[in-house]
Amino acid sequence: MTEQQQIKRILTIDGGGIKGVFPASFLASVEDCIEDKVCNYFDLIVGTSTGGIIALALGIDLPASEILDFYEELGSEVFSGNQWLNAFRQFGFSKYSQKPLKTALASKFGNRKLGESKRRLVIPSVNLETGEIYIYKTAHHTRLQRDYKQLIVDVALATSAAPTFFPTQINSSGTPLIDGGIFANNPTGLAVVESIGMLNWDRDSLKILSLGCTTEPININKSNKSSLGIKDWATKIVSIFMSAQSSSSLGTAQLLAGHENIIRIDPIMPPDKFGLDGIKEINSLKGLGDSEARKALPKLKELFFNGQKADDFEPLYKLS
């Protein structure tokens with residue numbers, strides 16, 4: 001086996017609501033350049049929340065261009081309605097109904113199951129009852145004997161059940177699950193731990209493409225950062241938490257796999273430019289994904305899309 005054949009390529013995709021248009025557009029632009037599906041070049045795909053939906057779609061061999069089209073349609077169907085009513089709903093209910101999202105996912109995935117994925121997948125969520133992480137995985141290890149039987153729609157609803165935005169997803173066994181972004185919105189560290197700890201891949205063989213959904217600098221307009229009160233924290237705590245988690249995840253991955261083996265694409269944007277449900281900016285996200293792909297393509301073609309496709313994934317347990 002040659003050195004090139006031993007390389008294990010990993011794709012990770014962050015959570016970010018409708019901002020998933022950015023990584024979908026990025027991957028669609030890459031596909032247009034290489035004239036092939038990007039899923040053919042990755043040995044492991046890990047995605048959280050909206051990134052989990054994209055990962056699931058790639059796993060069943062959908063082209064990124066089709067996923068991008070799906071997101072453009074998804075936005076107006078899922079994040080719609082009267083803005084004042086939606087804002088009011090948050091006090092007693094989730095901001096958006098799950099029904100439009102479930103209908104859209106069912107139209108794309110039907111009754112297909114996780115075990116039909118042609119790529120190894122890791123899709124995180126959180127058990128709301130116990131506070132423990134709940135990670136869906138394809139059958140790529142002897143311990144993974146159940147998840148492959150789960151409907152892709154249910155996995156997608158679990159990983160994307162963002163608190164305040166969508167209702168909790170109750171799985172087939174009655175477990176209440178919420179968005180994996182609670183602990184792994186940037187799943188790069190999770191992916192590297194999986195590849196080394198579960199798959200037993202050599203750390204020196206790893207090449208990771210990590211896609212964010214755009215980020216923005218933390219903006220606390222107070223000169224004395226040591227005396228922040230509840231008013232300051234109330235609107236910034238989620239942003240700070242997400243930024244810290246992403247930094248920790250990327251740092252873990254870099255420590256284990258090496259800085260030189262990870263390409264992180266996550267452009268910094270002005271504050272409040274893109275929202276998790278900001279459907280008016282879909283075209284801007286689409287254009288940004290294309291322009292970032294154009295800049296990154298020379299390096300990406302060298303490391304990921306050099307003609308050497310990933311080996312076929314043979315799950316240890318198969319659907320009957």
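Ser49 counts as buried because its relative accessibility is 7%; buried means under 20% relative accessible area, exposed over 50% and partly exposed in between, with a 1.4 Å probe and protein chains only. Ser49 is found in the loop between β2 and α3 (50–59). Its phi is near 55°, a positive value in a residue other than glycine.

Thr214 lies in the loop between β7 and α10 (230–234). Thr214 is not a glycine either, yet it has a positive phi of about 80°. With a relative accessibility of 9%, Thr214 counts as buried.

## The model and the chain

This is a predicted model, in which local features need pLDDT of at least 70 and side-chain atom pairs count only at pLDDT 80 or more, while totals for chains, interfaces and linings use all residues. Residues are numbered from 1 along each chain as its sequence is written, and side-chain values use heavy atoms, with hydrogens and water left out.

The chain has twelve helices and eight strands. Helices (H or I, at least four residues) and strands (E, at least two) are DSSP runs, numbered from the N terminus. Of the 320 residues of the chain, 52% count as buried. Among the contacts with a separation of 6 or more, 77% come from residues 24 or more positions apart; contact means heavy atoms within 4.5 Å.

Strand β1 (residues 8–13) is mostly covered, with six of its six residues buried. Lys8, Ile10 and Thr12 point one way from β1, Arg9, Leu11 and Ile13 point the other way, and all are buried.

Two strands pair if DSSP finds at least two bridges between them. β1 pairs in the parallel sense with strand β7 (residues 206–211) over six bridges, and Thr12 stands opposite Ser210 in β7. β1 also pairs in the parallel sense with strand β2 (residues 44–47), over four bridges. The bridge partner of Leu11 in β2 is Ile45.

## Helix α2 against helix α12

Two packed helices are described by the angle and the distance between their axes. Axes are lines fitted to C-alpha atoms, for helices over the stretch in contact, and angles run from 0 to 180 degrees between N-to-C directions. The axes of α2 (residues 21–34) and α12 (residues 282–303) come within 7 Å and cross at roughly 45°. That makes α2 oblique to α12; angles under 35 degrees count as roughly parallel, over 145 as roughly antiparallel, 65 to 115 as roughly perpendicular and the rest as oblique.

Residues of α2 that meet α12 include Phe22, Phe26 and Val30, and those on the α12 side include Leu285, Ala293 and Leu297. By class, this contact of α2 with α12 has twelve nonpolar, three polar and four charged residues. Ala, Val, Leu, Ile, Met, Phe, Trp, Tyr, Cys and Pro count as nonpolar, Asp, Glu, Lys and Arg as charged, and the others, Gly among them, as polar.

## Ala24 in helix α2

Ala24 lies in helix α2 and counts as buried, because its relative accessibility is 1%. Leaving aside neighbours within four places in sequence, Ala24 is in contact with Ile54, Ala64, Ile67 and Leu68. The C-alpha atoms of Ala24 and Gly51 are separated by 8.9 Å, and the two residues are 27 residues apart along the chain.

## Helix α9 against helix α11

The axes of α9 (residues 188–198) and α11 (residues 237–257) come within 7 Å and cross at roughly 35°. Among the residues making the contact are Leu190 and Val193 of α9 and Leu250 and Ala253 of α11. By class, the contact has eight nonpolar, four polar and no charged residues.
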